[in-house]
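Subject: Model for your review

Hello,

Here is the structure I said I would pass on. My notes on it follow below.

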Amino acid sequence: MPLISLRLPLVLTFTVGLLALAGCDKEPRAPAQQESAATPSPSAQGPAAPDDGSEGKIDRSHKGSKMPDITVHDAKGAKLRLLSLVGKPVLINLWATWCGPCVRELPTLDALAVREQGRLAVLTVSQDSGQPDKVAAKLSAQPHLPVWLDPENDLGFFYNTGVLPTSVLYDAQGREVWRMVGGHDWSGADTQALLAEAK
């Protein structure tokens, strides 16, 4: 009996890790594999695309939480401490090159960065575990989205939504306003109203 109880956590950890690698794939998941993103909870299924991967859900259950003290870096080793952005609203977007819904929303995030320049920092952070050149290539058509990397997935573990993409809006004081769990068209009519909540 003690041997079984010692092996169970190891087996579960290994299984969860493998499933997390499966994550969001290049094509949307079938409706039978939907995950309720309105009330996200840790899932043994790992990151997945909700519904067809294009309709994100707003989660306000973490409203008021502090921005994490996490540092990301670029391919050349330059570092960015997230807390250094406190002072104006920030939208942090977690994405990966292998996630179809993530890649589809990048052009609208780039356009948002242009529209909101000076008023909102738009920060896309890759959750790819390697290949920074591949990340840069995916962002090459989005000139207003710098290439930030989080190869250890510190932000993914911090937010723990189980879904990519996930975008988190912070107000100027570094307090969370809401999370968009899943893809979103950032050029849509509802975007301005959502961003106004950070003011």
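In these notes, contact means heavy atoms within 4.5 Å. By that rule, and not counting residues up to four places away in sequence, Leu-155 touches Pro-68, Ile-70, Val-72, Leu-82, Ile-92, Leu-94, Val-125, Gln-127 and Asp-150.

Some ground rules. This is a predicted model, in which local features need pLDDT of at least 70 and side-chain atom pairs count only at pLDDT 80 or more, while totals for chains, interfaces and linings use all residues. Residues are numbered from 1 along each chain as its sequence is written, and side-chain values use heavy atoms, with hydrogens and water left out.

Overall layout

The protein chain has five helices and eight strands; helices (H or I, at least four residues) and strands (E, at least two) are DSSP runs, numbered from the N terminus. Read from the N terminus, the order of elements is α-β-β-β-β-α-β-α-β-α-β-β-α. Of the 199 residues, 44% count as buried, where buried means under 20% relative accessible area, exposed over 50% and partly exposed in between (1.4 Å probe, protein chains only). Among contacts between residues at least 6 apart in sequence, 67% join residues at least 24 apart.

The core

A nonpolar core is taken here as a set of buried Ala, Val, Leu, Ile, Met, Phe, Trp, Tyr and Cys residues joined through side-chain atoms within 4.5 Å. The largest one has 41 residues, of which Ile-92, Leu-155 and Trp-178 touch the most other members. As a general point, nonpolar side chains in soluble globular proteins tend to be buried together.

Leu-91 sits in strand β4 and is buried, at 0% relative accessibility.

Helix α2 covers residues 100–115, which is 16 residues, and reaches 24 Å from its first C-alpha to its last. That is close to the 22 Å expected at 1.5 Å a residue, the expected span being 1.5 Å times one less than the number of residues. α2 bends by about 35° at Leu-106, and Pro-107 follows within four residues; the bend is the angle between axes fitted to the seven residues ending at a position and the seven starting there. Buried residues of α2 include Gly-100, Pro-101, Leu-106, Leu-109 and Leu-112. The buried residues of this helix pack against β4 (90–95), β5 (121–126), α3 (132–139), β7 (166–170) and α5 (191–196).

The structure holds one disulfide, meaning a pair of cysteine sulfur atoms within 2.5 Å. The disulfide joins Cys-99 to Cys-102, with 2.4 Å from S to S. The torsion about their S-S bond is about 75°, so the disulfide is right-handed. Cys-99 and Cys-102 are both buried.

Aromatic pairs

Rings of Phe, Tyr and Trp (its six-membered ring) pair if their centres lie within 6.5 Å; planes under 30 degrees apart count as stacked, over 60 as edge-to-face and the rest as tilted. The count comes to two aromatic pairs. Phe-158 and Tyr-159 are edge-to-face, at 5.3 Å centre to centre and 75° between the planes. Phe-158 is partly exposed at 40% relative accessible area, whereas Tyr-159 is buried at 3%. Trp-178 and Trp-186 have ring centres 6.3 Å apart and planes at 15°, so that pair is stacked. Trp-178 is buried at 0% relative accessibility, and Trp-186 is buried with a relative accessible area of 0%.

Loops and backbone

Gln-127 lies in the loop between β5 and α3 and is buried, with a relative accessible area of 7%. Beyond four places in sequence, Gln-127 is in contact with Leu-94, Trp-95, Asp-150, Asn-153, Leu-155, Gly-156 and Leu-164.

Two of these partners have backbone points to check. Leu-164 is joined to Pro-165 by a cis peptide bond, with omega about -5°; Pro-165 is in the loop between α4 (154–159) and β7. Asn-153, in the loop between β6 (148–149) and α4, has a positive phi near 55°. Asn-160, in the loop between α4 and β7, has a positive phi near 50° and is partly exposed at 37% relative accessibility.

Regards
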